[in-house]
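Biologist: Could we go through this structure together? I would like to begin with the terms.

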Amino acid sequence: MAEPIRALCHELIKAVNVTMEAESSQTYRLEALKFIEDFKKKSPFCVECGLQLAEKSQTAVVRHFGLQILEHVVKFRWNNMAPQEKLWLKNCTMGLLSYGTHPILQEECHVKDALSRIVVEMIKREWPQHWPDMLNEMEALAAMGDAQTELVMLVLLRLAEDVITFQTLPTERRLDIQHNLTENMDSIFTFLRGILILQLHMNEYNKLKCAAGLDLKTKAHWRVGVATLNTLAGYINWVALSHITNENCRLLEILCLLLSEPELQLEAAECLLIAVSRKGDLEECKPFLVLFDDVIMNYILSAAQSADGAALCNQSSGAVVERRYTFLKRLCQVLCALGSQICSLVCFRVPVNLNKYMETLLAFTTHPSQFLRSSTQVTWGNLFRHEIISRDPVIGPMTIKYLRSARINLVKTGFPSKNDCPACEFSRVDFDSDEDFNCFFNSFRSHQVEAVRLACKIVPFEAFQIAREWAQYQINTPIDTGNTTPDQWDAMTFFTESVFGQLFKILEKEKLPIDEGMELLQMVVNYETRDPLILSCVLTIISTLFPFVKHQSHFLPQVLYKIFPAITFEWVDERKEPQTQPLKNIRRHACSSIIRMCQDYSDLILPCFDMMYEHVKRLFSNEMLLTPMEKCALMEALILISNQFKDYNKQKAFLEELMAPVTAQWLSEEMRSVLWDPATFLTYVGADDQKGINRSRISFCVYTILGVVKRARWPADPEEAKAGGFVIGTTSDGTPIYRNPCAEPVQALLPNLLALIRTQNSLFLPENVNRLSKTFTRVYDDMDIEKNSELGIPQAVLDSYDAPLYRNIVELGFFSSLYRNCYQLLGNAGPCLQQDFYAIEGLAEQIVGSAFIHLDSVPDHRLRPLIRLFMKQLVMSCPHEYYDSLLCPLLGPFFAFLLQRLSFRWQIINQTTSLSAQAEAYEENHVTQEMVEEQLLRLVTREVIYLLGVTCITRKCPELSANKEDADGRGMVWMNSSKGIHELSELGKHLLRSEDIYMNLLTICFNSLSWRETVNCQQTAGLLCWTLLKQVLGGNLLPEAVTWLYASVLKGLQMHGQHEGCNAALTQLALLIYEALRPRYAELRLIMNQIPDIQVDALEQFDQKAIQPAVSKAGEKKKKEQFKRLIAGIVGKPLGQQFKKEVHIRNLPSLFKK
């Protein structure tokens, strides 16, 4: 027998070498792999060959392969082995642990790992029932030497990972092992703690010995210490807190002592971090307060100081020692976790060393590394926010120190591409590019600004003085000295805005430092600069300090005269090249500042209305001086002030006068011919040439109408509105009916607006696309910035002075913004004009003939604004009395189109995905375009489902009633199927009367369950499908329809079942449908019979209970579990699990009496 095994091992060694050698051909490598796999599957000599290949005399690669063979035997053949074979293999494996490895410093890590995996696989199958002395054997093994101790640590760590962290065992086996680990945890922790204490003694011995170089034995002890700490980290996050805190937190004290050992400090810090991050009952966590004693805090502080000095290996070169720097990060996280413990445990007592703790935290806050600085900000915020800690005498002086450090930290420095400060060297370790750093710093700054606001509540007057001093310093320091830069101004602006914004909220009028505030505002207003970045900061500070003007209103004209020149800001040298980003930003910033002031303080600015109006007229006299958006911004500011007239006739007259130029231009014959004919429109706007002035005129008209619709309002006080002539009657329940002073002027402009929308939809027709010149063939495409937003790609960091605005992107932006603004205007028309809009005769037919025309040719990125900005707003704002005359005629054809459009587009995406999986390679641009198209389709689908929700569902929870969206508008969190009661809305009931419309809604919902969009599937299954379906359950549904509905849910499970949220929602939906319809439709049973691997007997029992529900007394939870087991065969698996060979671990006799 020995000779065949020796020959077989020789062949296996040759095969392994072929697979590992780079020179091997692909053919030989595949043949070798096939031979190896066939051997593992079929050979009866796996154990013998594996043991022979694992001998120390073999190479590391061959030994690792031999151990892999043994692991394969344990995983896939253990259940079929005789007890004697199992015992022999176990003894041989323990022999390998004892004598089968090289010394600890010579043995390869992957060999140790493979050997430990074999032992763990046997433990998972035999312990504790058939291997009760396993832990004793491991302890005895560890006593044999360092190499064996390290292997024992690897075994214990992997066992904890498989049982607790990854839970790769059947439930019963996992609970058995977990219970026994818990029962023996005292001995395990005593064992681990003993090894760590030995490490401390060994380290002290080496220090006393003062040897010139460390011997191999010391390095071996360090290796054992690292393995022990790694194992401890695998247990410390789930064991009972008593094991961590017993003996007055002796274990934590040992970990703190190890922080001073360079070879062990990183692993010790990670263990300490896991321990102090644990949550539990306050009484259980109370021992953590011992960590704030003098001794422990000194350990942490000295370790931080030592590592900080060692983090830079060479002070002259500035290179970062990554391990020491990583240790600093972990130590910083430990301090932050201790901060969380303070906030929880302060109810017992305030730590006596709170001041020392905060000094240590402040040291990290002032460290050169931007990452370390940012890591502390949330902790500072929590301390400042805490009701008890914020009143402690220690906190005041520390808050002032923090505010002074924030002046430095808010300055954006440390870009990895630069070398202008110590932070750059650390940034090169933390960030791959300046773009990554910029994204990080924006988040860091937001956390710091929040902490500064909270600090202001503790020391408001000191914060005011710090902000005031910094602003005065920046103003008084000449720019050419190098001490003040745009970055310094930017940081000061953030700080000042945070401080003063908070002061106005928390201080009473009598306590406000009005004189000092007005003095600072005077200095800012008098400050002159031609740097657009600094001027932008000046505008922000003026807006921040503007509330002081309420107390000295005579200063208002000076503020306005400071802002107005910024609206027309231009370069001093009168460059002829296109505008740059800072130039555009400063003008836009000035417009925004005016709008914000007029919105928040319109009553204060009302006396200056005539002055502002005259100034705006002078600016408008030069058509080329302002862009359309800037003109519109100034008009919006005037409209906001006019809302304070509180006189309908006066405000109406003003709006008519303000809009007169736009009205004349918009209703002119020339403009009418342009807006109503696509060919004329293209010629006019210069899409076949370059005619910027014409594009500017159209944009200005649309911007103006939109601004009027958004800003013109009646008084919020009903009595003032009634006195001013804004109320024209009341509803049946007494609610006032208002009229908007802009209604008549805007109504006259709507026909041409609808014509423009129809023309824009027509531009996508082939005959109109062909009219574009070669220069403008891409003007209908999605803009790059929008593509990046759709794909979740952050915007690149732009150079402050060299970002050109005008090239082909101007035309692209014109078409994109014009399309979006038209629908935004229509969406706002309803809430603004109310009955004056909804009651327009034939409005539904006009919208269908304009917004819905040629939608088949409109691309997805143009379809989104139609759904989101117009249809959704129309549905949400339309009064009930206009449902039948307006919404039903619109939603019927629109949902029919969406059903056809989405079904077709998802079919293409699914086909493309299948083809892409088979294709060898694609061009990069082609792949990117496919990604953009698929992501766009996902976003459009989400918009459609959102529209369905607001159309059909009554939201009875606060979480569902708000229109919550992410900052970019893509994430829609309004649907939460786990909360509240979902019922059909009044609009949904109106739509139910039309069978065609309602079936379209159902079809969209159930089709969407099997589209490749997980978020949409979960929302639809959890909220929409059942709410819509249960309305028609009492009717006579066709058997084919019932079959299709149920099959659609099962297809959804097949597509998305691997996702927990989708699985729960789809399973619940399938159960509801089966219970409701199975008594009348036997076809559902036939569908269930087709599910793979379904248990026929269990299905029969469940089916009988569904037919005769009165017979069933099972609880809802048990019923759901039964149904979930029945349909388990249809649930889709993740791609990584689809071809994985199943591992079967048998349950052992129970440890507990049942």
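Modeller: Buried means under 20% relative accessible area, exposed over 50%, and partly exposed in between, with a 1.4 Å probe and protein chains only. This is a predicted model, in which local features need pLDDT of at least 70 and side-chain atom pairs count only at pLDDT 80 or more, while totals for chains, interfaces and linings use all residues. Residues are numbered from 1 along each chain as its sequence is written, and side-chain values use heavy atoms, without hydrogens and water.

Biologist: Is A220 buried or exposed?

Modeller: A220 counts as buried because its relative accessibility is 5%. A220 lies in helix α11, residues 216–236; helices are DSSP runs of H or I with at least four residues, numbered from the N terminus.

Biologist: And what is A220 in contact with, leaving aside neighbours within four places in sequence?

Modeller: A220 is in contact (heavy atoms within 4.5 Å) with I104, L105 and D146. From C-alpha to C-alpha, A220 and A147 are 8.2 Å apart in space, though 73 residues apart in sequence.

Biologist: Changing topic, how many residues of α31 are buried?

Modeller: In α31, 14 of the 15 residues are buried, so this helix is largely enclosed by the rest of the structure.

Biologist: At what angle do the axes of α30 and α32 cross?

Modeller: The axes of α30 (residues 609–620) and α32 (residues 648–666) cross at roughly 15° and come within 12 Å. Axes are lines fitted to C-alpha atoms, for helices over the stretch in contact, with angles from 0 to 180 degrees between N-to-C directions. Therefore α30 is roughly parallel to α32, a term for angles under 35 degrees.

Biologist: Which residues meet there?

Modeller: F609, Y613 and K617 in α30 meet F654, E657 and L658 in α32.

How values were computed
Helices (H or I, at least four residues) and strands (E, at least two) are DSSP runs, numbered from the N terminus. Angles under 35 degrees count as roughly parallel, over 145 as roughly antiparallel, 65 to 115 as roughly perpendicular and the rest as oblique.
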